[in-house]
Amino acid sequence: MPELPEVETLCRQLKRKTIGKKIIKNKVFDNKLTAVKNLKDKKIINVERRGKTVVIVLDDGRSILIHLRMTGRLLWQSNAAAPKYTRWKMALDEGEVFLVDPRRFATVKVSPTTAKESEREIFGDFDLQKFVERHGRRKTKVKSLIMDQNVISGIGNIYACEILHRAGIHPAREAATLTKDDWNRIFVQARSVLTKAISKRGTSISDWRDLYGRKGENQNELTCYGKADNACSFCGKPICRVKQSGRGTYFCRTCQK
C-alpha cells in the first residue's frame, strides 16, 4: 500500500500538472465508483495530502478524495488509450489522470468540504508532548501504534520498520516502556526517513509507480526492510524477520532494544 512518501509524491506531481486547469471530462469505468459525478467544468485550485489520501480541491468548495489502498495507481497520459484496469478518468486540457487498480480496492469520492490539517500529520500540527500524554502509557506494541492511522497519519509497514531500526527501538516494545527520549528519537527518525523517501519519489518494492509510471528510488536507501539475514548496516549482525500483527517485521536484535 502506498504510504505517506508515495502519496506526497503524487500530490506534488499532480500540483504541477493540474492546478488552474478545468475538468473537461469525468468518466467512471467501475460501478463501485458511481458516486464520482458533477465534475465537468470545475477548476482545480489545489492538491493536498491528508495521511494516505490525495485531496484535489475544486473551485466550488468540494474536493475529490482518492485513497489508493493496496494496488491503486494514478497515471498521467496525453492522448493515449485507457490503460488496463482503469477504473476512473479525469480529463483536463493537456492530459488525463487515470486511476488504475487491478484489485478494485482504491476509492474515489467527492466531499462537500476540503479536508482539514490534522494533529495526526507528522509534518503538520503534530505535538510530541501531547502524543506521549495520550498514548505513552498504552500496552500496544510500538510498531503497531505508529502504524495506527487513528494515531499518526501515513506511516505503513515499510517506513515503520525503517524508523524503528534507525531509532534503535525494538518493534515489539510496549509503548508504556518507552521514555521521552525514546519517543523523541522515533519522531526525529520518522521525519528524516519520510523526508528522504519523498525526495526519492517513494519506495518501489512491488506495485508503486509515480504519476508518470516510473519506479521510486527509495528502495536503495532501506536499512532493514526486506533484508532478512543480511548484515545490519549499523552493527553487522543479521537482520531478523518475524510476523507481527500479520505483517513481516524487520529489525536487528543487537541494535534495537
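I take buried to mean under 20% relative accessible area, exposed to mean over 50%, and partly exposed to mean in between, with a 1.4 Å probe and protein chains only. The model is a predicted one: local features need pLDDT of at least 70, side-chain atom pairs count only at pLDDT 80 or more, and totals for chains, interfaces and linings use all residues. Residues are numbered from 1 along each chain as its sequence is written, and side-chain values use heavy atoms, with hydrogens and water left out.

**Entry: Lys 200 and Glu 221**

I looked up Lys 200, which counts as partly exposed at 23% relative accessibility. Its side chain meets that of Glu 221 in a salt bridge, at 3.9 Å from N to O. The criterion for a salt bridge is a side-chain nitrogen of Lys or Arg within 4 Å of a carboxyl oxygen of Asp or Glu. Both residues lie in the loop between H5 and strand E9 (240-244), so the pair ties together parts that are 21 residues apart in sequence. Helices (H or I, at least four residues) and strands (E, at least two) are DSSP runs, numbered from the N terminus. Glu 221 is partly exposed, with a relative accessible area of 28%. I also noted a network in which salt bridges that share partners join Glu 8, Arg 12, Arg 49 and Glu 121.

**Entry: other salt bridges**

I searched the whole structure and found 19 salt bridges. One of them joins Asp 182 to Arg 185, with the closest N and O atoms 3.2 Å apart. Asp 182 and Arg 185 are 3 residues apart in helix H5 (residues 180-199), so about one helical turn separates them. Asp 182 is buried at a relative accessible area of 9%, whereas Arg 185 is partly exposed at 34%.

I then looked at Lys 40, which forms a salt bridge with Asp 41; the closest N and O atoms are 3.8 Å apart. Asp 41 is partly exposed, with a relative accessible area of 44%.

**Entry: positive phi**

Asp 41 came up again here. Its phi is positive, about 75°, although Asp 41 is not a glycine. I place Asp 41 in the loop between strand E1 (25-28) and E2.

Asn 79 is not a glycine either, and has a positive phi of about 55°. I found Asn 79 in the loop between E5 and strand E6 (86-92). Asn 79 counts as exposed, at 83% relative accessibility.

**Entry: the open sheet**

I traced an open sheet of 4 strands in the order E2-E3-E4-E8, with antiparallel pairing. Strand E2 (44-50) and strand E8 (107-111) are the edge strands, and each pairs on one side only. Neighbouring strands of this sheet are turned by 20° against each other on average, direction ignored. For pairing, DSSP has to find at least two bridges between two strands. Axes are lines fitted to C-alpha atoms, for helices over the stretch in contact, and angles run from 0 to 180 degrees between N-to-C directions.

Strand E4 (residues 63-67) pairs with E8 in the antiparallel sense over 5 bridges. Within E4 and E8, Ile 64 stands opposite Val 110. I checked H1 as well: H1 lies across E2 and strand E3 (53-58), running at about 175° to E2.

**Entry: E5 and E7**

Which strand do 5 bridges join to E5? The partner is strand E7 (residues 95-100), and the two run antiparallel. Leu 75 stands opposite Phe 98 in E7. Strand E5 (residues 73-77) is mostly covered, with 4 of its 5 residues buried.

**Entry: helix H4**

How many of the 11 residues of helix H4 (residues 157-167) are buried? I count 10, and the helix is mostly covered. The buried residues include Asn 157, Tyr 159, Cys 161, Glu 162 and His 165. They pack against H1, helix H3 (142-147), H5 and strand E10 (247-251), where contact means heavy atoms within 4.5 Å. Gly 168 follows H4, and its phi is positive, near 75°.

**Entry: a nonpolar patch**

I looked for nonpolar surface and noted a patch of about 280 Å², made by Met 1, Met 70 and Phe 105. Patches are made of residues with over 30% relative accessible area and no salt bridge; like charges are joined within 9 Å, and nonpolar side chains (Val, Leu, Ile, Met, Phe, Trp, Tyr) within 5 Å. Accessible areas come from the Shrake-Rupley method with a 1.4 Å probe, and for residues only the protein chains shown count as cover. Met 1 is found in the segment before helix H1 (4-18). Met 1 is partly exposed, with a relative accessible area of 43%.
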